[in-house]
Amino acid sequence: MIITLPVTSKDTQTSLYHSFGRAPYFMMFNTETEEATYIENTAMSQHGGAGISAAQKVVDQGSNVVLVPRCGQNALDVLRGANIEIYEAASGQAMSLIKAYQSHELSPLTSANKGHQHRGRQ
């Protein structure tokens with residue numbers, strides 16, 4: 001199983017990033033090998049559709065579960081459409097949140113947050 005989290009950096013001590021679509025990286029934790037890999041979220045600076053692009057990247061990487069503090073409706077639709085389970089993780093260190101998920105301490109994400117539009121300087 002692959003558990004994915006939006007994170008701030010590429011190391012196991014990283015913290016959960018506050019927003020799915022704008023996270024700098026995604027940590028992909030393989031529960032069989034207990035290894036973490038990291039992918040850059042190239043969608044993070046898109047002017048629109050960052051959540052959709054980020055979600056598709058997670059789907060393409062074979063994720064089974066996503067732990068996230070917040071997720072916009074469009075990204076949520078992409079993840080759910082790929083049968084990925086989404087759990088709410090308010091904040092914390094990535095590995096601690098993975099352990100909380102494995103111990104059935106996290107709740108499924110029940111609703112989407114309004115997305116944030118990335119606005120550049122005009």
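This is a predicted model: local features need pLDDT of at least 70, side-chain atom pairs count only at pLDDT 80 or more; totals for chains, interfaces and linings use all residues.
**Around helix H1**

Trainee: What do the buried residues of H1 pack against?

Mentor: They pack against strand E1 (2-7), strand E2 (25-30), strand E4 (65-68) and helix H2 (73-81). Packing here goes by contact, meaning heavy atoms within 4.5 Å. Helices (H or I, at least four residues) and strands (E, at least two) are DSSP runs, numbered from the N terminus.

Trainee: OK, which residues of H1 are buried?

Mentor: In H1 (residues 50-60) the buried ones are Ala50, Ala54, Ala55 and Val58. Down the axis of H1 they fall within an arc of 125 degrees, so they line one face of the helix. That arc is taken from the directions between the helix axis and the C-beta atoms. Buried means under 20% relative accessible area, exposed over 50%, and partly exposed in between (1.4 Å probe, protein chains only).

Trainee: Switching to the sheet: what's the strand order?

Mentor: E3-E2-E1-E4-E5-E6, in an open sheet of six strands with mixed pairing. Two strands pair if DSSP finds at least two bridges between them. The edge strands, pairing on one side only, are E3 (35-40) and E6 (107-108).

Trainee: And how many bridges join E1 to E2?

Mentor: Six, and those two strands run antiparallel. Thr4 stands opposite Met28 in E2.

Trainee: What about the largest nonpolar core, how many residues does it have?

Mentor: It has 18, and Phe20, Phe26 and Val58 are among those with the most contacts inside it. E2, H1, E4 and H2 each supply at least two of its residues. A second, separate core of 17 residues includes Leu5, Met27, Ile98 and Tyr101. A nonpolar core is a set of buried Ala, Val, Leu, Ile, Met, Phe, Trp, Tyr and Cys residues joined through side-chain atoms within 4.5 Å.

Trainee: Last one: where is Glu34 found?

Mentor: In the loop between E2 and E3. Glu34 isn't a glycine, yet its phi is positive, near 55 degrees. Most residues other than glycine have a negative phi.

Trainee: Is Glu34 buried or exposed?

Mentor: Exposed, at a relative accessible area of 62%. His104 also has a positive phi, about 60 degrees, and counts as exposed at 73% relative accessibility.

Technical notes
Residues are numbered from 1 along each chain as its sequence is written. Side-chain values use heavy atoms; hydrogens and water are left out.
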